[in-house]
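I opened a notebook page for this structure and meant to go from the whole chain down to single residues. Each entry below notes what I looked up and what I found.

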Amino acid sequence: MIKTPLLSRLLSHAALVVLALFFLAPLIYILLSSFKPTEEIFAVPQSILPMNWTLDAYREIGGGRVGQYFRNTTVITLSSVILVVILSSLAGYGFAKLPFRGSNLVLLAIVGTLTIPLAILLVPIFLMANQVGLLSTNLGLILPNVAVTLPFAILIMRANFLSIPLEVEEAGIMDGAGTFTRWRLIMLPMARNGVVLVTIITSYNVWGEYILAKTLAMNPDSMPLSVGLTLLKGEVWDYGLLAAVIVLATLPPIIIFVFFQRKIVDGIAQGAVKG
Amino acid sequence: MSASSQAQTSVRSFTKSLSRRHPKGKKGRTVSSGFWFVLPAFIFIFIFMLYPLVAAGYLSLTEYNFVYDDEPKFIGLQNYADAFADPKFITSLINTFVFGFFYFVALMVLSLSIALLLFQKLRFNAFYRSAVFVPLVVPLSLAGLIFVWILQPNFGLLNYLIGDVLGMPSLTQPWLAQANTAMGGIIVLALWATIGFVTVLFLAGLQSIDKDVLEAADLDGATGLKKVFFVLLPNLRETYVLTATWGILQALKVFVEPMVMTDGGPGTSTLVLYQQVYITAFNFFDMGYASAMGYILGLIILVLIVLNFLLFRGKAGRDG
């Protein structure tokens, strides 16, 4: 930490307030606009605060495709997160505590995938999905989302298992428990910080995932929010509805962030520094 | 849990089997069980990343229109040659570099500056940090829609602030309908969405600097900017390698922002390479050509990441 004199402290505060405004203003603006009646949204000059607060925009959501978009996003996110948590905590344990011949090479390949832009993979993934009939299905988005979010999740879980001292497992070994039992009963509970972090990060990534969905969900009924809403823009320019849906779609990740922010920020920083 | 003393030996041999020097110790089976733990995850990564990587490499050497052709036809490096004679590809490549350059430089400078601001003992520090970080959890495509709205010429927030609040109506613009300001809008959205992440990484780097180094600097009377340039920055080299690698990746695989905000327009002024790959593959179904352009993008990213790594790792090594 730097100790600084009063004047530069004041300047720092000024700069940080401006920055905080820049980052928060768009979100606050959409939140306020979602409570405006349509004529206020299009009013020139506008008033930033709604003059007549209304929930009309939220009432409009009920019908139509938006409900379907929400369902798709929820199903895809929940399923992907469950799969990623299970698979990454198994693999992370394997890499951290049970190295096998070639495990470093496999780990390197997995880390390497982090630098591959999805653009390269889209065509073969599309062709595969087309061949097995997974285009425009939720499962067809769950599977590649799991694959794409796994590498980082594995790194987080590996770091967590590595930091658990060997002695912890000894009790289990003395009981003659097999590796799988030790993983499930002893190691996994010890690595719960990692599990929480993987759950949160994976939810964010899948909840807002755009590229795979844009490519693989061709039928509007199968689209998640991230892609479906961008169509809303083209259809009617119904800004009130748009604002309300954006608020609802953004609220879950923001609430999770508010509750877990220490864990998330520290976790990402540590994972990145160690990794 | 009961502990029996005769198990001590098995513990010791287990410990031994864990050390990487003896992967084929007496407890060989314990060691190879790691393989079964990794396998399920690896299958996913293989099917959806490693195999497609190879498949795209092959497709990039073929002519394959998904609608007309029954099978990919091998044509060697023709697609790569075609790409560099294709004005649309060149335009999208240039646009990607323009975006990438401004985005990357601004990302590094701003994130580092914010991290340095947050590194002070200030009140409301936790609030500032959260405010900077929060855009990261907002789905990017939805953030794009929010920015489209804010930049809308008639009832958008930005023109309202400039024209009516600040009273300078001559400076209002149709932001997304002009080439330069459209690219600017895309860059600002990308920065808005990602500065928080890089700031957190820089902050973690600053916090991991040895306390003794900081105290010694204080004793030597290094203050303010002097301290920043001569003490803090040289100690951030490793963090920089990390953040720059991430920044290069983000900069060159820009896609969602122009897709949602401008559709590459006006004209082709914000058409980026990633978008061109997508359009070629899924609007024109030219799978072979799209794969080749995707590979070119991947190679550019790889070269820049390796260069960045060599440049800054090398220096860190020389300085000890």
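Before looking at how the parts of a chain are placed, I noted that domain bounds come from an automatic or database domain assignment. This is a predicted model, in which local features need pLDDT of at least 70 and side-chain atom pairs count only at pLDDT 80 or more, while totals for chains, interfaces and linings use all residues. Residues are numbered from 1 along each chain as its sequence is written, and chains are lettered from A and ligands numbered from 1 in the order in which they are written.

**Entry 1: domains of chain A.** I looked up the assignment for chain A and found domain 1 (1–62 + 238–249) and domain 2 (64–235). Their C-alpha centres lie 33 Å apart. Between them, 6 residues from domain 1 of chain A and 6 residues from domain 2 of chain A are in contact, where contact means that two C-beta atoms, placed from the backbone, lie within 7 Å. On the domain 1 side, helix 13 (residues 239–274) of chain A gives the most, with 3 residues.

**Entry 2: chain A as a whole.** I counted helices and strands as DSSP runs numbered from the N terminus (helices are H or I with at least four residues, strands are E with at least two), and chain A has 13 helices and 0 strands. The C-alpha trace of chain A spans about 75 × 65 × 35 Å along its principal axes. Of its 275 residues, 47% count as buried; a residue is buried if 20 or more other C-beta atoms lie within 10 Å of its own, exposed if 12 or fewer, and partly exposed in between, with C-beta atoms placed from the backbone.

**Entry 3: one residue, Leu78(A).** I found Leu78(A) in helix 4 (residues 65–97) of chain A. Why does Leu78(A) count as partly exposed? It does so because it has 14 C-beta neighbours inside 10 Å.

**Entry 4: where the chains meet.** The contact between the chains takes 93 residues from chain B and 89 residues from chain A. On the chain B side, helix 2 (residues 28–59) of chain B supplies the largest share, 22 residues. I sorted that side by class (Ala, Val, Leu, Ile, Met, Phe, Trp, Tyr, Cys and Pro are nonpolar, Asp, Glu, Lys and Arg charged, and the others, Gly among them, polar), which gave 71 nonpolar, 16 polar and 6 charged residues.

**Entry 5: one helix pair.** Helix 1 (residues 6–33) of chain A packs against helix 5 (residues 125–133) of chain B at an angle of about 35°, with the axes 8 Å apart; axes are lines fitted to C-alpha atoms, for helices over the stretch in contact, and angles run from 0 to 180 degrees between N-to-C directions. Leu16(A), Leu19(A), Ala20(A), Phe23(A) and Leu24(A) meet Tyr128(B), Ala131(B) and Val132(B) there.

**Entry 6: the core.** A nonpolar core is a set of buried Ala, Val, Leu, Ile, Met, Phe, Trp, Tyr and Cys residues joined through C-beta atoms within 7 Å. The largest one has 173 residues, and Ile246(A) is among those with the most contacts inside it. Helix 8 (residues 179–207) of chain B brings the largest share, 17 residues. Not counting residues up to four places away in sequence, Ile246(A) touches Ile30(A), Leu142(B), Leu145(B) and Ile146(B).
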